[in-house]
Amino acid sequence: MIGCSFDSTMDNYAFISVNDYQYSIWSDQGKDLALYYEAATSKSQGMPSRVTAVLDPDGNWILKYVVQFFNEKGHPGQVLDDLEKLLVP
């Protein structure tokens, strides 16, 4: 899992350090990743929307979620349930 932020690399590193965050956060100050993954609609957007994109090994989207309210148990659980439905015969 990778997070993406419009903040600088140093700001992201500070966030990871202070919050004992378990994942990498990429700095997307040019907003190219946010535009590609539809977490932003333009380069003038001040903050990215929260989007979860699940990719297959070839980088193709297999699931996409626009997250209105992050619920630590609800959202990841829904993603895992959906993946299980897709991947378990």
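Glu-38 has a relative accessible area of 47% and so counts as partly exposed; that class lies between buried, under 20%, and exposed, over 50%, with a 1.4 Å probe and protein chains only. Before going on: this is a predicted model, in which local features need pLDDT of at least 70 and side-chain atom pairs count only at pLDDT 80 or more, while totals for chains, interfaces and linings use all residues. Residues are numbered from 1 along each chain as its sequence is written, and side-chain values use heavy atoms, with hydrogens and water left out.

What does Glu-38 form a salt bridge with? The partner is Lys-64, and the closest N and O atoms are 2.3 Å apart. By salt bridge I mean a side-chain nitrogen of Lys or Arg within 4 Å of a carboxyl oxygen of Asp or Glu. Glu-38 sits in the loop between H2 and S3 and Lys-64 in strand S4, so this pair ties together parts 26 residues apart in sequence. Helices (H or I, at least four residues) and strands (E, at least two) are DSSP runs, numbered from the N terminus. Lys-64, at 32% relative accessibility, is also partly exposed.

Searching the whole structure gives two salt bridges. Lys-43 makes one with Asp-32, where the closest N and O atoms are 2.9 Å apart. Lys-43 belongs to the loop between H2 and S3 and Asp-32 to helix H2, so the parts tied together here are eleven residues apart in sequence. Lys-43 is partly exposed, at 48% relative accessibility. As background, side chains of opposite charge can pair when their charged atoms come close.

Next, the aromatics. How many aromatic pairs does a search of the whole structure find? There are five. The criterion is that ring centres of Phe, Tyr and Trp (its six-membered ring) lie within 6.5 Å; planes under 30 degrees apart are stacked, over 60 edge-to-face, and the rest tilted. Tyr-36 and Trp-61 are edge-to-face, at 6.4 Å centre to centre and 90° between the planes. That pair links distant parts of the chain, with Tyr-36 in helix H2 (residues 32-36) and Trp-61 in strand S4, 25 residues apart. Tyr-36 is exposed at 54% relative accessible area, and Trp-61 is partly exposed at 30%.

Tyr-37 pairs with Trp-61 as well, but stacked: 5.5 Å between centres and 15° between planes. Tyr-37 lies in the loop between H2 and strand S3 (51-55), 24 residues from Trp-61, and is partly exposed at 23%. Elsewhere, Phe-15, Tyr-21 and Tyr-23 form one aromatic cluster.

Now the core. A nonpolar core here is a set of buried Ala, Val, Leu, Ile, Met, Phe, Trp, Tyr and Cys residues joined through side-chain atoms within 4.5 Å. The largest one has six residues: Val-54, Leu-63, Tyr-65, Val-67, Val-79 and Leu-83.

Finally, the chain as a whole. The protein chain has three helices and four strands, in the order β-α-β-α-β-β-α. Its C-alpha trace spans about 45 × 30 × 25 Å along the principal axes. Of its 89 residues, 21% count as buried. Among contacts between residues at least 6 apart in sequence, 19% join residues at least 24 apart.

Conventions:
Contact means heavy atoms within 4.5 Å.
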